[in-house]
Amino acid sequence: MEAPTANSPVKIILGSSSIARRDILAKMGYEFTVASADIDEKSIRKEQPEELVMALAEAKAEAILQRLPVHDYKKDAVPTLLITCDQVVVYEGAIREKPSNEEEARQFLKGYSGSHAATVSSVLVTNLKTGFRKVDFDRVEIYFREIHDEVIEKLIEEGHVLRVAGGLIIEHHLVLPYVKKVVGTTDSVMGLPKALTERLMKEALAL
């Protein structure tokens, strides 16, 4: 079965408040509604980043499902797919989530300067009609040139880096000139790997 498009007989709920994820899914050609999980992410801990992001995507799905009329979706002629996601940055083996304050964001960004980091992103697709659920992850390696201190200060003053995993926004116009190499896709770094999302959606509709 082909993955759904904006004209396909399928409904999509994006379980994320991320503007970047909304933009990516819209540019992929899908129409969707948005739901936010609002979970305590710090209460879920795993040693491996891949396990952590997948566990968080599962927890977000569960939180959203508790607020949805799931029984109605099962009777609906048109299937509804719930997409939940999570992401962390891995730097020198340590897992980084959203910076807790400006000083931590500054520390994160200075660490990337002349070095490298990785993003680990998860996608979970749940078919609310059939109950099918599948989760997987994607990893991208990012190599940086030396980032000037004044650029770091501008990023912190602007504030966006405080709201993303690891304070990392490679598509930002201030950061882009300092990105030496990306092994993977930019959409994955932004929080919603397109290829993985397409595959899981296709699998969720195949049963």
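The loop between β3 and β4 (94-96) is the place of E92, where helices (H or I, at least four residues) and strands (E, at least two) are DSSP runs, numbered from the N terminus. E92 is not a glycine, yet its phi is positive, near 50 degrees. E92 is exposed, at 71% relative accessibility; buried stands for under 20% relative accessible area, exposed for over 50%, and partly exposed for values in between (1.4 Å probe, protein chains only).

The model is a predicted one, in which local features need pLDDT of at least 70 and side-chain atom pairs count only at pLDDT 80 or more, while totals for chains, interfaces and linings use all residues. Residues are numbered from 1 along each chain as its sequence is written, and side-chain values use heavy atoms, with hydrogens and water left out.

Mean pLDDT, the predictor's confidence in each residue from 0 to 100, is 93 for the protein, with 96% of residues at 70 or more. Among the elements, β6 has the highest mean pLDDT (98) and helix α3 (residues 70-75) the lowest (88).

**The loop between β2 and α2**

D38 is another non-glycine residue with a positive phi, about 55 degrees. D38 sits in the loop between β2 (33-34) and α2 (49-65) and is exposed, with a relative accessible area of 68%. A35 lies in the loop between β2 and α2, but A35 is buried, at 15% relative accessible area. Leaving out residues up to four places away in sequence, A35 touches I13, L14, G15, S16 and I64, a contact being heavy atoms within 4.5 Å. A35 and L65 are 30 residues apart in sequence, and their C-alpha atoms are 9.9 Å apart in space.

| Residue | Relative accessible area | State |
|---|---|---|
| A35 | 15% | buried |
| D38 | 68% | exposed |
| E92 | 71% | exposed |

**Cores**

A nonpolar core is a set of buried Ala, Val, Leu, Ile, Met, Phe, Trp, Tyr and Cys residues joined through side-chain atoms within 4.5 Å. The largest has 25 residues, and Y112, I142 and F144 touch the most other members. At least two residues of this core come from each of β3 (80-91), α4 (102-112), β6 (133-144) and α5 (149-158). A second, separate core has 19 residues, including L25, I83, F132 and L196. Beyond four places in sequence, Y112 touches V89, Y91, R96, A117, F144, I147, G166 and L168.

**Cavity and pocket**

Grid points are joined across faces, edges and corners, and a volume is the space filled by probe spheres set on the points.

One cavity of 30 Å³ or more is found in the whole structure. The largest cavity has a volume of about 40 Å³, and its lining includes Y112, F144 and I147. That lining has eight nonpolar, one polar and no charged residues; Ala, Val, Leu, Ile, Met, Phe, Trp, Tyr, Cys and Pro count as nonpolar, Asp, Glu, Lys and Arg as charged, and the others, Gly among them, as polar.

The largest pocket has a volume of about 1000 Å³. Its lining has 34 residues, with S18, R21, K98, R163 and V164 nearest the centre. The lining of this pocket has 14 charged, 11 nonpolar and nine polar residues. Helix α1 gives the most to it, six residues.

Technical notes. On a 1 Å grid over the protein atoms alone, a cavity is a set of points where a 1.4 Å probe fits but cannot get out, and a pocket is an open set with protein on both sides within 12 Å along at least five of seven lines; lining residues have an atom within 4 Å of a point.
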